[in-house]
Amino acid sequence: MTQGYNFAYLDEQTKRMIRRALLKAVAIPGHQVPFGSREMPLPYGWGTGGIQVTAAVLGADDVLKVIDQGADDTTNAVSIRRFFARTAGVRTTTRTAEATIIQTRHRIPERKLREDQILVYQVPLPEPLAKLEPSRAETKKMHALADYGAMHVKLYEDITRYGHVSISYDYPVMVNFRHLMSPSPIPAFDNPKLHMSPALQLFGAGREKRIYAVPPWTTVTSLDFEDHPFRATRAPHACGLCGATDSYLDEVVTDDRGGRLFCCSDTDYCAGRRA
Amino acid sequence: MAYVAVKGGERAIDAAHAWLAEARRGDPAVDEIGVDQIASQLGRAVDRVMAEGSVYDRDLAALAIKQAQGDLIEAAFLLRAYRATLPRFAATLPLDTGRMRPLRRISAVFKDLPGGQMLGPTTDYTHRLLDFALAEGGTPPPAPLATPDAADIPRVHDILGHEGLIEPDPVAGGEPADLTRQPLAFPAARDARLQALARGDEGFLLSLGYATQRGYGHTHPFVGEIRMGEVAVEIEPPELGFAIEIGDLVVTECQMVNQFAGSKTTPAQFTRGYGLAFGQGERRAMAMALVDRSLRAGELGEDATGPAQDVEFVLSHCDNIEATGFVEHLKLPHYVDFQSELEVLRRIRGEATP
């Protein structure tokens, strides 16, 4: 373990500040809580929000899993896992079932989570309305008034132009029938897993200095219309490695003649099926 | 198979770091640069890193510059990350720059004034000719010395203030905002705005200030005064009840005198823009003063037409640590999101009837 730093890097005062923000976030599901985000020794955009949330909830007995794009072996996941192994000395794992805390970027694990697990999301842009209204002073008012008409209009315009909603990731969700929320850039395929999850889901946006949460067993619905219901899509293939037909697939280019390998993005899920 | 390319991240990271260390050292036949050399001979780089890194420590800033191979934004980031781990003991009293012993002090609004014009170690009147003799090195002849005035040198805006021609200093009300503890919220008060600008990217501030001069939010600025020198830092511990000095900083302060505001009932007065930078940061302090003044458009009842007058736009994007992180994070893997885009695009294309 690295000497000279507190357990899990952050000092206890900072952790306490983050935990207070987390409690507020859990109390108002989907509501963005401002917090005094610190500069971390990893750059903004690399998961500083998720790292701060993980640091604040991590205990010595926890078992940590870190994934990026669903995989444990991508460079940024390796780097963050090492960071906590160094600064907290906690046990790490690549197995979803063994982990008590899972920090993720862009995916929700395929395996169903349990009540004794926490999923920590890294969030680049916590404001779901940002692409429609750049001013955070304005979007704050829109949330206060539950004024989400602009987002429905955006979906409607997509349908009239393309025949479909064109949002494929970071697909906006309604939490507990009240707050519009960015699920972070997970593929829309993962959205149904947010709903009634037994696990606590925490979202950290370091650069934007916001924390929000979906408590266990909370209603989370993807925005849609009665005549255009939300559809989760994946590549219409079976995994080329494990044969799964229910998992989200990466498309790996194998040659320059159009060759493709479709395989599970969730490396632990894929490995478990092949074991 | 190509799939193995994404494996072995751990080994790849170690190897990349080893290569980085080797590249940082450069040609081993050339002497290694010392942190003391950076601190004393690359002072303007150190000043900028201290300002944007938001820590006044020349040696740490010099170390950060060495570690970052001279990439000043990366160096400021190293310093910021270090800063985040430091405890905060107290808020200081406001710096009294009127008591500064200036190394440089100029005014563009009065030809002469109490305390005089003092150029100091400036590049302003150098001819920008590459000095090939400098490549050889050597010790320059000693600069002539003058005896400084013993008395404090009054600030230009205090001189104007005697006649009520310029708005007074705002009254300090309690502990100032600290955006490292409380994130920015909009509308942001001037103390939070000044803090954000003081840490902001010099290039961004410079371009915004320049834009105000070219008509995107004109404020008719004059340099009332620029002063640079050492100033005492004081705290007032509650158990003592009086101020004690805990150290000195070298700062550059710029007071802009801007177009006046007033009405039939309030006599017109010049308004002010304020800039302060760690070290010798004249360009930064001037740009900051221009932007500070233009951000006061709302408060002074001016039309906000230029980007430099938009508080939320300026403050949300002036931090280069945040900016570089978010821009550069685009190089991290995004293949899950890209895959979902591919699927949606293929579906839409498949259903389109030409």
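Helix 1 (residues 12–27) and helix 2 (residues 48–57) of chain A pack at an angle of about 100 degrees, and their axes lie 9 Å apart. Helices (H or I, at least four residues) and strands (E, at least two) are DSSP runs, numbered from the N terminus. Axes are lines fitted to C-alpha atoms, for helices over the stretch in contact, and angles run from 0 to 180 degrees between N-to-C directions. Helix 1 of chain A and helix 2 of chain A are therefore roughly perpendicular to each other. Angles under 35 degrees count as roughly parallel, over 145 as roughly antiparallel, 65 to 115 as roughly perpendicular and the rest as oblique. Helix 1 of chain A contributes A:K15, A:I18, A:R19 and A:L22 to the contact, and helix 2 of chain A contributes A:Q52, A:V53, A:A55 and A:A56. Two residues are in contact if their C-beta atoms, placed from the backbone, lie within 7 Å. The residues of this helix contact divide into five nonpolar, one polar and two charged. Ala, Val, Leu, Ile, Met, Phe, Trp, Tyr, Cys and Pro count as nonpolar, Asp, Glu, Lys and Arg as charged, and the others, Gly among them, as polar.

The model is predicted: local features need pLDDT of at least 70, side-chain atom pairs count only at pLDDT 80 or more, and totals for chains, interfaces and linings use all residues. Residues are numbered from 1 along each chain as its sequence is written, while chains are lettered from A and ligands numbered from 1 in the order in which they are written.

Seven strands of chain A form an open sheet with mixed pairing, in the order 1-9-8-5-4-2-3. Two strands pair if DSSP finds at least two bridges between them. Strand 1 (33–34) and strand 3 (91–92) of chain A stand at the edges with a single partner strand each, so one side of each has no neighbour in the sheet. Strand 2 (residues 63–68) and strand 4 (residues 101–105) of chain A pair in the parallel sense over five bridges. A:V66 has A:Q103 in strand 4 of chain A as its bridge partner. Helix 2 of chain A packs on the sheet, touching strand 4, strand 5 (118–122), strand 8 (200–205) and strand 9 (210–214) of chain A. Its direction makes about 155 degrees with that of strand 5 of chain A. Helix 3 of chain A also packs on the sheet, touching strand 2, strand 3 and strand 4 of chain A. The direction of helix 3 makes about 160 degrees with that of strand 2 of chain A.

Strand 5 of chain A is mostly covered, with five of its five residues buried. A residue is buried if 20 or more other C-beta atoms lie within 10 Å of its own, exposed if 12 or fewer, and partly exposed in between; C-beta atoms are placed from the backbone. In a regular strand the side chains alternate between the two faces of the sheet. In strand 5 of chain A, A:I118, A:V120 and A:Q122 are buried on one side and A:L119 and A:Y121 on the other. Strand 4 and strand 5 of chain A pair in the parallel sense over four bridges. Here A:I101 stands opposite A:I118. Strand 5 and strand 8 of chain A are also parallel, joined over five bridges. The bridge partner of A:Q122 is A:G204 in strand 8 of chain A.

A three-stranded open sheet in chain A has the order 7-6-10 and antiparallel pairing. Its edge strands are strand 7 (179–181) and strand 10 (220–222) of chain A, each pairing on one side only. The twist averages 30 degrees from one strand to the next. Three bridges join strand 6 (residues 173–175) of chain A to strand 10 of chain A. A:V173 stands opposite A:S222.

The contact between the chains takes 50 residues from chain A and 43 residues from chain B. Helix 3 (75–88), helix 4 (136–144), strand 11 (249–253) and strand 12 (260–264) of chain A each supply at least two residues of the chain A side. That side divides into 20 nonpolar, 18 polar and 12 charged residues. Strand 11 and strand 12 of chain A form a hairpin with six residues between them.

Chain B holds 13 helices and four strands. Of its 354 residues, 32% count as buried. In helix 10 (residues 282–294) of chain B, 12 of the 13 residues are buried.

Terms used
The expected span of a helix is 1.5 Å times one less than its number of residues.
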